[in-house]
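The following exercises are to be worked through with the sequence and the model at hand. Each task is followed by a solution in steps.

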Amino acid sequence: MDGTMMGGTGATTDKDEVAMADAPETSMSVFRLLPSLSEYRHLQLNSFDSRQLMRWQDGGSEADRLAQLRAGWTGEKRWAMSDFPSGYPGAPVLSRRLTEDFGEDLSTAGSLVPVEIDGARGDEYFLYIVDAVVDCLDLRRSSKPKRLDGEVKKPVYRPEALPMHLPAFRLPQFPTAVQWNSWAAARLVELTGDQIEARLTWSQDPAAKPHPDPWGF
């Protein structure tokens, strides 16, 4: 399995390969998820709220934890609204349909808070705040975290420490980004079709090819 990308534009992994990732006990891979470049409307997050979220993720107090997130739609009004409309690394947003179809597994790693969308009525979306911070990087083999934000461009995980039972987690070295385990990424891609681009950041399979710039836009 190449695994460079699942879903989204320029996808190199078909649905059969996505299904293969749905077994955490046999496929240990980690992904960054973001909206695809298909014709869907996406959300622009309120800058104050996004900074507050990052402050909390980076060791802020409980007072910094968001109770809701403000945002506004971007894109052509004739386009459908994406079920996964946020590309911010640490702020995944899911539609109500997606949270319900995904199931209760989301609650094992974090919680959902409502998104207040400017000028929108009846658009129910939720910010997924990932509480799980797991120290599972192989620091010797991984690229050095960037000084500014802690980004680890080329991570290598310790398989015995990787929390495969969780859908997502954050790293103490890179706390402002959400990492998705393979089975959760596969489920979301299956539920949304062409709405999500899943960039492989690491795989236990030596033949897999991680995305060259997983945290870029």
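**Exercise 1. The chain as a whole**

How many helices and how many strands does the secondary structure of the chain contain?

*Solution.* The model is a predicted one, in which local features need pLDDT of at least 70 and side-chain atom pairs count only at pLDDT 80 or more, while totals for chains, interfaces and linings use all residues. Residues are numbered from 1 along each chain as its sequence is written, and side-chain values use heavy atoms, with hydrogens and water left out.

Step 1. The secondary structure comes to four helices and 11 strands; helices (H or I, at least four residues) and strands (E, at least two) are DSSP runs, numbered from the N terminus.

Step 2. Of the 217 residues, 54% count as buried, where buried means under 20% relative accessible area, exposed over 50%, and partly exposed in between (1.4 Å probe, protein chains only).

Step 3. The accessible surface of the chain is about 10500 Å², and 50% of this area belongs to carbon and sulfur atoms. Such areas come from the Shrake-Rupley method with a 1.4 Å probe; for residues, only the protein chains shown count as cover.

Step 4. Among contacts between residues at least 6 apart in sequence, 67% join residues at least 24 apart; contact means heavy atoms within 4.5 Å.

**Exercise 2. Strand S8 and its partners**

Determine how S8 is covered and which strands pair with S8.

*Solution.* Step 1. Strand S8 spans residues 125-130, and six of its six residues are buried.

Step 1. The side chains are sorted by direction: Tyr125, Leu127 and Ile129 point one way, whereas Phe126, Tyr128 and Val130 point the other way. Both sets are buried.

Step 2. Strand S6 (residues 93-95) pairs with S8 in the antiparallel sense over three bridges; two strands pair if DSSP finds at least two bridges between them. In this pairing Leu94 stands opposite Phe126.

Step 3. Strand S7 (residues 110-117) also runs antiparallel to S8, and five bridges join the two. Here Gly110 has Val130 as its bridge partner.

**Exercise 3. Strand S3 and residue Leu69**

Which strands are joined to S3 by bridges, and in which sense do they run, parallel or antiparallel?

*Solution.* Step 1. In strand S3 (residues 40-45), five of the six residues are buried.

Step 1. S3 and strand S5 (residues 80-81) run parallel and are joined by two bridges, with Arg41 opposite Met81.

Step 2. S3 and S4 run antiparallel and are joined by four bridges; Leu45 stands opposite Ala71 of S4.

Step 3. Leu69 is found in S4. Leu69 counts as buried because its relative accessible area is 1%. Beyond its neighbours within four places in sequence, Leu69 is in contact with Leu45, Asp49, Val93, Pro114, Val115, Glu116 and Leu127. The C-alpha atoms of Leu69 and Glu116 are separated by 6.0 Å, although these residues are 47 apart along the chain.

**Exercise 4. Aromatic rings**

How many aromatic pairs does the count give?

*Solution.* Step 1. The count comes to seven aromatic pairs. Rings of Phe, Tyr and Trp (its six-membered ring) pair if their centres lie within 6.5 Å; planes under 30 degrees apart count as stacked, over 60 as edge-to-face and the rest as tilted.

Step 1. Tyr157 and Trp202 form an edge-to-face pair, 5.4 Å centre to centre with 70° between the planes. This pair links distant parts of the chain, 45 residues apart: Tyr157 lies in the loop between S8 and strand S9 (168-169), and Trp202 in strand S11 (residues 196-203). Both Tyr157 and Trp202 are buried.

Step 2. Phe174 and Trp215 form an edge-to-face pair, with 5.2 Å centre to centre and 85° between the planes. Both Phe174 and Trp215 are buried.

Step 3. Phe84, Tyr128 and Trp180 form one aromatic cluster.
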